[in-house]
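Dear colleague,

Please find the structure below, with the sequence alongside. My notes on its fold follow, and I would be grateful if you could read them with the model open.

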Amino acid sequence: MKRLIAVLLGLALLLSGNAFAAGKGAPPKHDVYYPGTETLGPNEMRVVALGTGQPTVRPKQASACFLVELGNGDKFLFDLGYGSVQRLSTMKIPMDHLDKVFIGHLHMDHFGDLDALWIGGLKMNRTYPLRVWGPSGATPEMGTKSAIKGLKRMLHWDAYTVSGLIDIRGQQLEVTEFDYKGVNKVIYKENGVTIRSIPAIHVTDGSVSFILEWNGLKFAYSSDTFPNKWWLKYTKKADIVVHECFASPQILLEKQKYPPSLALALSVFKHTSPQQFGKVMAMTKPRLAVGYHFYNDHDTLPVMLEQVRRTYNGPLTMATDYMVFNVTKEDILVRMAAVDSEIWPSQPTRPTKRDPPKTVLFSDFIRSGQKPMSEVVKRIYDSFNERNDTNVPLPKN
Ligand SMILES: [Zn+2]
Ligand SMILES: [Zn+2]
């Protein structure tokens, strides 16, 4: 009977023209993006907004982070502001594929989750080194290398204590610091992908924007910047640009309660206000302009759009977290992702190896405080081994 129902169902699906549901062909693109269910086409780029909010993080929007996935299998992270790694986990991508991070500048809303990706990613099964690219600063201690050195020191206890327990090949953290003054200089070139940096103007020297080119597609990411000549010159007619579009002075005044002078200075001079964003887009004419770096709510979005539309009437999306862009030469599809909140780490892409003898030990003092509870522990081991048909011996001590 079950077989008959299955055959009838298959026949009905075929007749309805749903070949994929019947087990044939490529999956269709739904109105919503379901992470882990769509293979990219060989010429396709997918951009996922994982952090789009203001410098102060909130449940609805993490701080700056955009994931770029390419049809050749490569994946890149642009900025990694606080809160963004939680979003990243919802994409259900093995951490082994999330090993390349490009940081635009060293504000925490652009790199504050590097610790979560480095150590957290290690515990989520990354077995490859984490590679980070970031700008130099006006002085050596203002550069990315110095920041990573400090981060390693800060997380020494954590990194040290996982030895022997998990595969620690992913514990390596490699940094490539490049000159923040480089103008359209190549900072990455592998596997047909070229990434260039241009100087950005934000608060002080040491901020950059990025341009990624692959297979005839061009993606540009501003990180934070005041409108500048380099962006205007080198991002012209890109396929998709993600540029900051900071909350308007009026929003900063009314919603954030900033004093008038700070509201104006922050939006217009430390960042790019909506009207300036529109002007930049009108001058560079991307196939799709994506504005980010503001709290995108029912009451702020109309204000932001009204401001942008004073200076720009081209293709536009105002980003919020979990927005997904599928980019090909022919089309740009914009959708929201449907995300699970009960996420478990994806499996590594190569066999793991542990080195138990390297497990960190206690001092005699701490050991002297242990209550062995030997009977309970033995029962745990026995019932586990029996249930799983394993033979894990009880540790000697
Ligand atoms: Zn910043
Ligand atoms: Zn920022």
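Two strands are taken to pair if DSSP finds at least two bridges between them. Helices (H or I, at least four residues) and strands (E, at least two) are DSSP runs, numbered from the N terminus. This is a predicted model, in which local features need pLDDT of at least 70 and side-chain atom pairs count only at pLDDT 80 or more, while totals for chains, interfaces and linings use all residues. Residues are numbered from 1 along each chain as its sequence is written, and chains are lettered from A and ligands numbered from 1 in the order in which they are written.

The open sheet

In the order β8-β9-β10-β11-β12-β13-β14, 7 strands form an open sheet with mixed pairing. Because β8 (185-190) and β14 (316-318) stand at the edges with a single partner strand each, one side of each is left without a neighbour in the sheet. From one strand to the next, the twist averages 20°; the axes behind such angles are lines fitted to C-alpha atoms, for helices over the stretch in contact, and angles run from 0 to 180 degrees between N-to-C directions.

Within this sheet, β9 (residues 193-202) and β10 (residues 204-214) run antiparallel and are joined by 9 bridges. His202 stands opposite Thr204 in β10.

Strand β3 (residues 65-70) runs antiparallel to β4 (residues 75-78), with 4 bridges between them. Leu67 has Leu77 in β4 as its bridge partner. The two strands form a hairpin with 4 residues between them, and Gly73 in the turn has a positive phi of about 100°.

On to β5 (residues 100-102), β4 is joined by 2 bridges, and these two strands run parallel. Here Leu77 stands opposite Val101 in β5. Together with helix α2 (residues 84-89), β4 and β5 make a right-handed β-α-β unit; right-handed means that, with the strands pointing away from the viewer, the path from the first strand over the helix to the second runs clockwise.

The chain as a whole

The chain has 13 helices and 16 strands. It is divided into domain 1 (29-337) and domain 2 (362-397), with bounds from an automatic or database domain assignment. The C-alpha centres of the two domains lie 46 Å apart. Along its principal axes, the C-alpha trace spans about 75 × 70 × 45 Å.

Kind regards
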